[in-house]
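Reader: I am new to reading structures. Could you take me through one part of this one closely, step by step?

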Amino acid sequence: MKMRGLRSSSSLLVAAAALLLFSCFLATGDAANNGGGLRLGYYSASCPRAEDIVKEQVAQLYDKHGNTAVSWLRALFHDCMVGSCDASLLLDTSAAAGISEKSAPRSFGMRNFKYVDAIKAALERECPGTVSCADVLALAARDGAAALGGPRVAMRTGRRDSRASRYAEVGRDIPNHNDSVSAVLSRFAALGVDAEGAVALLGAHSVGRVHCFNLVGRLYPSVDAGMDPAYGAYLRGRCPTADAKEDTRDVAYARNDRATPMVLDNMYHKNLLARRGLLLVDQRLADDPRTAPFVARMAADNAYFHDRFAAALLTMSENNPLAADEGEVRRDCRFVNSA
């Protein structure tokens with residue numbers, strides 16, 4: 001009877017140990033897949049109205065300045081592509097932070113940073129020193145995409161803010177307008193975004209505009225042979241000289257999408273199939289066998305585009321979040337906190 005009891009107890013111990021190991025495995029798997037500690041409703045206790053405040057501010061700013069919604073999306077892209085989604089993009093040049101990423105050539109044309117300050121100020125009034133600037137960027141991009149008719153993204157929060165600019169990394173990490181598809185896919189892959197996701201995220205080029213400085217290489221001395229001739233003639237009208245300056249003061253530009261210029265939809269992909277891609281890197285997506293099938297499918301199905309865009313935006317927004325001891329919650333998004 002004693003032996004039988006011992007065997008039964010041993011069996012229970014083995015089962016309990018196996019169950020514990022299995023539970024640990026599940027917990028580890030969850031941690032690996034939740035963006036390094038990011039979670040839905042991160043501020044539900046510390047600042048319950050945080051996400052509502054961001055949503056309200058984005059709506060108010062969008063009503064007054066529609067292009068702010070486009071700026072939110074581009075800002076999140078530029079922030080997350082360079083090292084981490086840590087609001088390093090927002091830092092001004094200072095002795096503490098270094099040279100601002102906003103002054104890098106690849107940041108040409110970025111604007112509306114003052115409205116990030118407006119959102120942050122509203123949050124500081126409600127919950128001082130609680131909501132990170134990195135989360136402000138992520139939530140503003142989420143709400144901006146929705147304001148533009150795009151999908152609603154279940155954005156997790158809990159990011160920390162960088163204490164230093166990543167200026168030296170911008171030129172390496174932000175794709176250029178005339179990059180190869182291989183280069184672009186490589187950069188997105190570094191964030192965990194596959195080819196399908198890259199084609200979806202570049203669909204953000206459905207909204208906003210491009211400065212002529214980035215277009216004239218396709219228009220002069222002759223229009224790119226891969227471009228629809230009528231579209232080339234239109235763009236030459238928008239950009240009448242090859243001598244376009246890299247200057248945002250009274251600069252010439254062309255809309256990314258003439259049909260629905262302020263709607264985040266699949267017109268971008270339809271335009272690529274019609275040889276009306278604005279940037280060279282865009283048009284190349286329709287020609288490369290690794291990306292062309294996704295371009296065609298998204299052009300045919302806006303719901304599919306929105307679904308893939310939401311998934312890829314979420315993945316990008318969770319790139320390499322800083323641990324608590326690696327970052328801070330800035331009181332002013334433009335400057336690191338004083339010691």
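This is a predicted model: local features need pLDDT of at least 70, side-chain atom pairs count only at pLDDT 80 or more; totals for chains, interfaces and linings use all residues.

Author: Leave aside the neighbours of Asp135 within four places in sequence. What is Asp135 then in contact with? The partners are Tyr43, Thr157, Gly158 and Arg159.

Now place the residue. Asp135 lies in helix 5, which covers residues 133–147. Is Asp135 buried or exposed? Its relative accessibility is 0%. Buried means under 20%, so Asp135 counts as buried.

Look next at the side chain of Asp135. A polar contact of 2.5 Å joins it to the side chain of Tyr43. The side chain of Asp135 also reaches the backbone nitrogen of Gly158, at 2.8 Å. Both Tyr43 and Gly158 are on the contact list given above.

What does Cys133 form with Cys333? The two form a disulfide, with their sulfur atoms 2.1 Å apart. A disulfide is a covalent bond between the sulfur atoms of two cysteines. The link of Cys133 and Cys333 is left-handed, with -95° about the S-S bond. This pair links distant parts of the chain. Cys133 is in helix 5, while Cys333 is in the segment after helix 13 (302–317). They are 200 residues apart. Cys133 is buried, because its relative accessible area is 0%. Cys333 counts as buried too, at 2% relative accessibility.

How many disulfides does the structure hold? It holds four. Number the bonded cysteines of the protein chain in sequence order, and the pairing reads 1-4, 2-3, 5-8, 6-7.

Take the pair Cys80 and Cys85. Their sulfur atoms are 2.0 Å apart, and they form a disulfide. Their link is right-handed, with 125° about the S-S bond. Cys80 has 0% relative accessibility, so it counts as buried. Cys85 is also buried, with a relative accessible area of 2%.

Then take Cys212 and Cys239. They form a disulfide as well, with sulfur atoms 2.0 Å apart. Why is this disulfide left-handed? The torsion about the S-S bond of Cys212 and Cys239 is about -80°, so the disulfide is left-handed. Cys212 lies in the loop between strand 1 (209–211) and helix 9 (229–238), and Cys239 lies in the loop between helix 9 and strand 2 (253–255), so the pair ties together parts that are 27 residues apart in sequence. Cys212 is buried, with a relative accessible area of 2%. Cys239 counts as buried at 1% relative accessibility.

Last comes empty space. Rolling a probe the size of a water molecule over the atoms shows where empty space is left. How much space lies in the largest pocket? About 1,000 Å³. The largest pocket is lined by 39 residues. Arg74, His78, His205, Arg209 and Leu279 lie nearest its centre.

Which element supplies the largest share of this lining? Helix 3 does, with seven residues. Helix 3 (68–81), strand 1 and helix 13 each supply at least two residues of the lining. By type, the lining residues of the largest pocket divide into 22 nonpolar, eleven polar and six charged.

Conventions:
Residues are numbered from 1 along each chain as its sequence is written. Side-chain values use heavy atoms; hydrogens and water are left out. Helices (H or I, at least four residues) and strands (E, at least two) are DSSP runs, numbered from the N terminus. Buried means under 20% relative accessible area, exposed over 50%, partly exposed in between (1.4 Å probe, protein chains only). A polar contact is a pair of N or O atoms within 3.5 Å; within protein, one must be able to donate a hydrogen and the other to accept it, and residues adjacent in sequence count only if both atoms are side-chain atoms. Contact means heavy atoms within 4.5 Å. A disulfide is a pair of cysteine sulfur atoms within 2.5 Å. On a 1 Å grid over the protein atoms alone, a cavity is a set of points where a 1.4 Å probe fits but cannot get out, and a pocket is an open set with protein on both sides within 12 Å along at least five of seven lines; lining residues have an atom within 4 Å of a point. Grid points are joined across faces, edges and corners, and a volume is the space filled by probe spheres set on the points. Ala, Val, Leu, Ile, Met, Phe, Trp, Tyr, Cys and Pro count as nonpolar, Asp, Glu, Lys and Arg as charged, and the others, Gly among them, as polar.
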